[in-house]
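User: I am new to this structure and would like to understand the terms used to describe it. Please take me through them with care.

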Amino acid sequence: MRIVIAGGHGQIALRLERLLAARGDEVAGIIRNAGQSDDLRAAGAEPVVLDLESASVEEVAARLRGADAAVFAAGAGPGSGTDRKDTVDRGSAVLFADAAVLAGVRRHVVVSSMGADPTHSGDGVFDVYLRAKGAADAYVRGLDALDWTILRPGSLTNSAGTGLVRLEAHTGLGSIPRDDVAAVLAELVETPATAGLTLELISGSAPVSVAVKSVAGN
């Protein structure tokens with residue numbers, strides 16, 4: 001498969017790129033900063049320099065054309081203010097989805113957040129973030145031209161992955177190593193039977209492949 005990842009230098013994205021490249025997939029990561037290119041190459045991914053906050057849908061579609069799947073893993077990051085929660089966490093996600101439609105790339109996986117909700121109340125930065133992610137998820141779910149899956153991990157940690165997870169429509173609160181999020185994403189990308197599902201993810205007792213097959217109905 002050829003897979004294009006938005007936010008290619010993110011902590012989860014770099015882990016995902018390594019996993020996909022190791023299994024023989026062709027991977028491209030969209031990054032804003034050309035100085036990050038060597039990190040992507042080291043992970044086995046082709047760097048694509050493009051700023052999703054300023055690019056047109058046609059420019060993004062040109063980078064997606066010919067791909068078998070697209071993964072949105074971009075984020076404004078913990079140090080950003082409320083404005084970039086809207087322009088990146090919502091706006092770039094919407095742009096990337098529209099570009100996938102334009103490019104004819106049906107398989108679309110979104111890294112969202114547990115608690116994402118367009119009606120979430122509050123004025124704090126994290127409140128704005130949850131609204132932005134919720135709005136982006138709602139937009140993607142409205143696109144019939146995409147075979148989308150939305151993944152909502154719990155609190156992220158840098159602990160070593162265990163390969164054991166809980167993946168369900170509603171898991172309740174919990175944490176999950178970024179290693180395991182990447183492993184689940186790698187499985188979801190090649191499991192189109194999970195299309196149309198919004199899934200929460202925390203650490204659990206099921207091996208990743210078993211958890212994904214279970215939600216896919218296999």
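Analyst: Helix α6 (residues 178-189) and helix α7 (residues 208-215) pack at an angle of about 45°, with their axes 9 Å apart. This is a predicted model, in which local features need pLDDT of at least 70, side-chain atom pairs count only at pLDDT 80 or more, and totals for chains, interfaces and linings use all residues. Residues are numbered from 1 along each chain as its sequence is written, and side-chain values use heavy atoms, with hydrogens and water left out.

User: Why is α6 called oblique to α7?

Analyst: Angles under 35 degrees count as roughly parallel, over 145 as roughly antiparallel and 65 to 115 as roughly perpendicular, with the rest oblique; the angle here is about 45°, and that makes α6 oblique to α7.

User: What makes the contact of α6 with α7, and how do its residues divide by class?

Analyst: Contact means heavy atoms within 4.5 Å, and A183, V184, E187 and L188 in α6 meet V208, S209 and V212 in α7. These residues divide into 5 nonpolar, 1 polar and 1 charged, where Ala, Val, Leu, Ile, Met, Phe, Trp, Tyr, Cys and Pro count as nonpolar, Asp, Glu, Lys and Arg as charged, and the others, Gly among them, as polar.

User: Which residues lie nearest the centre of the largest pocket, and which element gives the largest share of its lining?

Analyst: Of the 39 residues that line the largest pocket, A73, A74, G75, A76 and G77 lie nearest its centre, while α4 gives the largest share of the lining, 5 residues. Sorted by class, the lining has 18 nonpolar, 13 polar and 8 charged residues. A pocket is an open set of points on a 1 Å grid over the protein atoms alone, where a 1.4 Å probe fits, with protein on both sides within 12 Å along at least five of seven lines, and lining residues have an atom within 4 Å of a point.

How values were computed: Axes are lines fitted to C-alpha atoms, for helices over the stretch in contact, and angles run from 0 to 180 degrees between N-to-C directions. Helices (H or I, at least four residues) and strands (E, at least two) are DSSP runs, numbered from the N terminus.
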